[in-house]
Amino acid sequence: MPRYTVHIRDEWLAVPCRDPTYTIQWLGYEALKRYTKNKPDNGGIDAVKDIRFVARRCQGQGLLDGDDTIEDVLEDNDFVEIAIEGDTMSPDFIPYQPGVSHLYPSCNLFLDGNSLTSTDLVNLGRGLYKIKLTSEAENGVVKSRELLDTIVKENKVVYGITTGFGKFARTVIPVHKLKELQENLVRSHSAGVGNPLSPERTRMLLALRINVLAKGYSGISLETLHRMIQAFNASCLSFVPEKGTVGASGDLAPLSHLALGLMGEGKMWSPKSGWADAKYVLEAHGLKPISLKPKEGLALINGTQMITSLGAEAVERAQAIARQADIIAAITLEVLKGTSKAFDSDIHALRPHPGQIEVAMRFRALLDSDHHPSEIAESHRFCDRVQDAYTMRCCPQVHGIVNDTIDFTQKIINTEINSATDNPMVFAERGETISGGNFHGEYPAKALDFLAIGVHELAAISERRIERLCNPSLSELPAFLVNEGGLNSGFMIAHCTAASLVSENKVLCHPSSVDSLSTSAATEDHVSMGGWAARKALRVVEHVEQVLAIELLAACQGIEFLRPLRTTTPLEKVYDLVRSVVKPWIKDRFMSPDIEAVHRLLLDQKVWNVAQPYIEKYNMELLPESRPISPTAFSLDPPASPRKRIRLE
């Protein structure tokens, strides 16, 4: 018999339907009857038949016509919201979020706990892969669980398995209460606050926890791990508040919320349901809640996966915007009639930092007159300017350290992604469990604080270049890049927006990991505060993207005033890309959509994709003649792990 899950005010109701030719109006009144039946005062409803309501499908928030038949507009196990006339939207109801990725991929990523990368993890978050375990990982998980079952059978006293947690580590728990112990742990530790992580970030968090458990040192059962994978593949995602972790003993609060939904408690999101009660979401997808065995609650919540998954997104986005920052700065240099002499390879060979050398190479690839003649550059070839301002001349030195900082952070994040970070560790080959401190988040916390400080500089120097573009005394262009100044304000406030974002970043770059507050009755007396380090790193990266979007808009507007002269071929291609989404600024108009459109180009790495072939071609042509430097200096992408296994099905 078909069944539908209906949300009315603060209640979710399961409504069976014997005849799918019944109407939506029937479904609404049947749900209202069940709602009033469950309320002592009938929910303030005197007569159900007199109630007027609006019905919406949770997926997409589409309005449903009361006269339509159920079979015509709903699928079995669909989710419906009933809004009673006069009510405001229930604060308990969080609708489906249109626009988020919820793909149904045919490609599997095989996890073994050892070879996942930050790139893979972000792609898992975007819904590009389903998850499977390697056979080696499954065997390791089984052996680890067998040791735990032996410990329980022999009534041994082991932390977190047969004892309480934290301050209660010396309290021995009877065998018949070990399941309750694990369930209580998850419920009590689900104490986070704030907005939920987005579906993409929750998918990353769940995927990363699966990968860590696949290492085989946590004692999770294969049955429980498979149920987690099934939930991931169906995009059944727990409500995980973004605030509440201090980053040691791991990300306890967010990981507890993750586990709570998998237990069929709290809220869950899926493309089909939007946010709804977890038990209904799992049931609608044919999934069973996990049933915790000894130590499994602890295995699910103890680790640094919240810090690390958000850190993976931050480092991937930082890497993408750092590459594109070089391209944007090169356009600005052309518009301001700067020189490319400061990017000479001999200068940078004398200070051979890999990032500096790579950035200088990119500038040469984009501006080299022998490869890509520039009419703009030719127009001022014999001017009397000796050298440019630091914001242009020193891009290799400033952008370069950002690149090296990102590489440093990415190595730590990739190590953390494939690390066992819970406690105690289960060593099946040694036949023992050992308590340690791998859950402490100091490594990713420090690295992400460093990432925020490093990548912020891209926005700081970009804002100064925007000032030079907008200031007629520095640019020799119309004030604020618009004709009829005074009547039109042009980029005046866009520059203010960039300045405000840079100023915010200065505060956000204060390191989170320098702080520590003792918790759990001084048992956990030093913590990393890595959750905030990760969240603010993401905010810093987003601000950097937005500032550079404004610079790219301003630089392309500057080109309008230099026409008919043309810049180099790769930079003209970037200009054409921008003009495909934003028209030239002839007179004042609503600017925010323009900034958002160019920000989307940067997020999708389209600016990089347009320029990359020219950079690679230049690199391949000149590399044999270059001075010997680090073999990784010209690497444009992080090397793919040779152990990564992706299979099409």
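The mean positions of the 70 positive and 81 negative charges of the protein chain are 3 Å apart. Here Lys and Arg count as positive and Asp and Glu as negative, while His and the chain ends are not counted; the place of a charge is NZ of Lys, CZ of Arg, CG of Asp or CD of Glu. The structure is a predicted model, in which local features need pLDDT of at least 70, side-chain atom pairs count only at pLDDT 80 or more, and totals for chains, interfaces and linings use all residues. Residues are numbered from 1 along each chain as its sequence is written, and side-chain values use heavy atoms, with hydrogens and water left out.

**Overall fold**

- The protein chain contains 23 helices and 15 strands; helices (H or I, at least four residues) and strands (E, at least two) are DSSP runs, numbered from the N terminus.
- The radius of gyration of the protein chain is 28 Å, close to the 26 Å that the globule rule gives for 649 residues, so the chain is as compact as a globular protein of that length. This radius is taken over C-alpha atoms, and the globule rule is 2.2 Å times the number of residues to the power 0.38.
- Along the principal axes, the C-alpha atoms of the protein chain fill a box of roughly 85 × 70 × 50 Å.
- Of the 649 residues, 55% count as buried; buried means under 20% relative accessible area, exposed over 50%, and partly exposed in between (1.4 Å probe, protein chains only).
- Among contacts (heavy atoms within 4.5 Å) with a separation of 6 or more, 77% are between residues 24 or more positions apart.

**Strands and their pairing**

- Five strands form an open sheet with mixed pairing, in the order E2-E1-E5-E3-E4. Two strands pair if DSSP finds at least two bridges between them.
- The edge strands of this sheet are E2 (11–16) and E4 (63–64), each of which pairs on one side only.
- Strands E3 (residues 53–57) and E5 (residues 79–84) run antiparallel and are joined by five bridges; Val-54 stands opposite Ala-83 in E5.
- Strand E11 (residues 267–270) pairs with strand E9 (residues 237–238) in the antiparallel sense over two bridges, and Leu-237 stands opposite Trp-269 in E11.
- E11 is also joined to strand E12 (residues 274–277) by four bridges, again antiparallel. E11 and E12 form a hairpin with three residues between them.

**A buried aspartate in a loop**

- Asp-388 lies in the loop between helix H14 (375–379) and helix H15 (390–393), and is buried, with a relative accessible area of 6%.
- Not counting residues up to four places away in sequence, Asp-388 touches Leu-333, Gly-338, Thr-339 and Arg-393.
- Asp-388 and Lys-337 are 51 residues apart in sequence and 9.1 Å apart in space, C-alpha to C-alpha.

- Most residues other than glycine have a negative phi, and most peptide bonds are trans.
- A cis peptide bond joins Ala-248 and Ser-249, with omega about 5°; Ser-249 is in the loop between strand E10 (241–243) and helix H8 (252–262).
- Another cis peptide bond joins Arg-563 and Pro-564, with omega about 15°.
- Glu-476 has a positive phi, near 60°, and is exposed, with a relative accessible area of 64%.
- Ala-521 has a positive phi, near 55°; this residue lies in the loop between H19 and H20 and is exposed, with a relative accessible area of 52%.
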